[in-house]
2 protein chains.
Amino acid sequence: MYICLMYSNELIKGTLKTVVLSLLAKKGRMYGYEITQHVKEETEGKIQLTEGALYPLLHRLEADGLLLTEKVSIGKRVRKYYRLTKEGTESAASLVEEFKEFSKTMNRLLNNYTLTTAYHG
Amino acid sequence: MYICLMYSNELIKGTLKTVVLSLLAKKGRMYGYEITQHVKEETEGKIQLTEGALYPLLHRLEADGLLLTEKVSIGKRVRKYYRLTKEGTESAASLVEEFKEFSKTMNRLLNNYTLTTAYHG
DNA sequence: TTTATATACCTAAGTAAATTATGTAATTTA
DNA sequence: TAAATTACATAATTTACTTAGGTATATAAA
């Protein structure tokens, strides 16, 4: 997968889990490749998940009991769909809240320093 | 230093450099401990920088030419003040912009999934 | 038609930025 | 005078990523 990120990838670190779980919370079930494409489209290419990060994460979340899998044959290929467990749903909600709170705090902090642009978060 | 974060630390990862540089851009010069206290107060304890993360970062930024140091004797102790170089000032501005952009993108993305709370970022 | 691109999964090695833990020492407060 | 705060530092470990590969089917373009 090509990566030509608008952001230096460091910011995305730590938000991957939040993105994946919240996406599944909305869509019900998705497969890995679908997730990468959806995020890419919805952010106009600004956030692009790498497969090397995504697939191990999905496996980890499954092992942790946040996700369930379901294999579906499409022709000769097998797609692996993921959906949230109850625990996963709860985790998704709390991670999203956490990010929003964090983002507000950070923006407030940064605006205190650089008063050039107005932000109303 | 005690840490009792409101956020799971993962979110703060990758934003430390942004916080430190933008803080120095505002304040002109600060020393390490002062930075930790300032951020803690200004975020009501929500963001607490660990010394194990901060000091190595400061050293790295100095080595990279973004910061200059100045040692000041306070009684028998020596404080190490940091201030931005020209390159550091530019870096600060671009990192802040980058975070704001990223935060907007993320909030838009997450709001598309969880329509429970309104965010106007 | 065969070649390139897209779809779709996977893992292993290496990196970078943090955490955790520890250390030193001066200064201030209880 | 003991405890907490101020103020610096580093070393070992952890972890989440990047980078770089690998496999294979399906589709579009040349």
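Chain A exposes about 6,500 Å², and carbon and sulfur atoms supply 51% of that area. The model is predicted.

**Chain A**
- Chain A contains four helices and three strands, which follow the order α-β-α-α-β-β-α from the N terminus.
- The chain has 121 residues, of which 45% count as buried.
- Of the contacts in chain A between residues at least 6 apart in sequence, 50% link residues at least 24 apart.

**Surface near DNA strand D**
- DNA strand D has 21 residues around it, and those that come nearest are A:Arg77, B:Tyr31, B:Tyr33, B:Arg77 and B:Arg79.
- By residue class, this surface comprises six nonpolar, eight polar and seven charged residues.
- Sugar or phosphate accounts for 73% of the atoms of DNA strand D within 4 Å of the protein, and bases account for the rest.

**Polar contacts and contributing elements**
- On the phosphate side, an N or O atom in the side chain of B:Tyr33 is 2.3 Å from a phosphate oxygen of DNA strand D.
- A:Gly14 places a backbone N or O atom 2.8 Å from a phosphate oxygen of DNA strand D.
- A base oxygen of DNA strand D lies 2.3 Å from a polar side-chain atom of B:Arg77.
- Two or more residues of the surface near DNA strand D come from each of helix 3 (51–63) of chain A and, in chain B, helix 2 (32–42), helix 3 (51–63) and strand 3 (77–84).
- Helix 3 of chain B gives the largest share of this surface, with five residues.

Note on methods: Residues numbered from 1 in each chain as written. Chains lettered and ligands numbered in written order. Predicted model: local features only at pLDDT ≥ 70, side-chain atom pairs only at ≥ 80, totals over all residues. Heavy atoms only, no water. Near = heavy atom within 4 Å. Polar contact = N/O pair within 3.5 Å; in protein donor to acceptor, adjacent residues only side chain to side chain. Nonpolar A, V, L, I, M, F, W, Y, C, P; charged D, E, K, R; others polar. Buried < 20%, exposed > 50% of the residue type's maximum accessible area, 1.4 Å probe, protein only. Contact = heavy atoms within 4.5 Å. Areas by Shrake-Rupley, 256 points an atom, 1.4 Å probe, with all protein chains shown as cover.
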